[in-house]
Amino acid sequence: MSPAVDPARTALLRAGVDALSGHPDRAPARVHEVAGELAVSERQLRHLFAHGVGVSPKHYARIDRVRTIITRAPTTPWSQLAAATGYYDQSHMTADFRALMGVPPRAYFTDRLPARSPCGARLG
């Protein structure tokens, strides 16, 4: 039997996800700012994300920023994209993209991807 869903926790999680997600009119907020806006501690926000999303709020924000880069890159210069997604500069954006995607943005968008290889996980 699954635990009962708490509507207040669900609303809080949705508000946190929205605040940490990129929007065309604003850069994503920082984790401590979101915790303050939602009137919870950073620890409570981490716990909420761990159970509701499966990753920490900071990791969620990193993934969302890279997703936003992938969406906007075809029409936006790299430096503007870095600023719009909340990176300090283009080199930080490139480093974060490479850490999550395995290749720098230019290689990703020019289809210069590494050869596929099995993950090595053993099942059973």
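## Terms and model

In the residue classes used below, Ala, Val, Leu, Ile, Met, Phe, Trp, Tyr, Cys and Pro count as nonpolar, Asp, Glu, Lys and Arg as charged, and the others, Gly among them, as polar.

This is a predicted model, in which local features need pLDDT of at least 70 and side-chain atom pairs count only at pLDDT 80 or more, while totals for chains, interfaces and linings use all residues. Residues are numbered from 1 along each chain as its sequence is written, and side-chain values use heavy atoms, with hydrogens and water left out.

## Overall fold

The chain has seven helices and zero strands (DSSP runs numbered from the N terminus: H or I of at least four residues for helices, E of at least two for strands). Its C-alpha atoms fill a box of roughly 45 × 45 × 20 Å along the principal axes.

Of the 124 residues, 29% are buried (under 20% relative accessible area with a 1.4 Å probe, protein chains only). Among contacts (heavy atoms within 4.5 Å) with a separation of 6 or more, 44% join residues 24 or more positions apart.

## Helices α4 and α6

The axes of α4 (residues 57–72) and α6 (residues 90–101) come within 10 Å and cross at roughly 105 degrees. The axes are lines fitted to C-alpha atoms over the stretch in contact, with angles from 0 to 180 degrees between N-to-C directions. That makes α4 roughly perpendicular to α6, a label for angles of 65 to 115 degrees.

From α4, the contact uses His59, Arg62, Ile63, Val66, Ile69 and Ile70; from α6, Met93, Asp96, Phe97, Ala99, Leu100 and Met101. By class, these are nine nonpolar, one polar and two charged residues.

## Pocket and cavity

On a 1 Å grid over the protein atoms alone, a cavity is a set of points where a 1.4 Å probe fits but cannot get out, and a pocket is an open set with protein on both sides within 12 Å along at least five of seven lines; lining residues have an atom within 4 Å of a point. Volume is the space filled by probe spheres set on the points, which are joined across faces, edges and corners.

The largest pocket has a volume of about 400 Å³. Of its 19 lining residues, Arg30, Lys58, Ala61, Arg62 and Arg65 are the closest to the centre. The largest share of this lining, five residues, comes from α4. The pocket lining comprises nine nonpolar, four polar and six charged residues.

One cavity of 30 Å³ or more is found in the whole structure. Residues lining the largest cavity include Gly22, His23, Arg65 and Thr85, and α4 gives the most, with three residues.

Notes
Angles under 35 degrees count as roughly parallel, over 145 as roughly antiparallel, 65 to 115 as roughly perpendicular and the rest as oblique. Buried means under 20% relative accessible area, exposed over 50%, partly exposed in between (1.4 Å probe, protein chains only).
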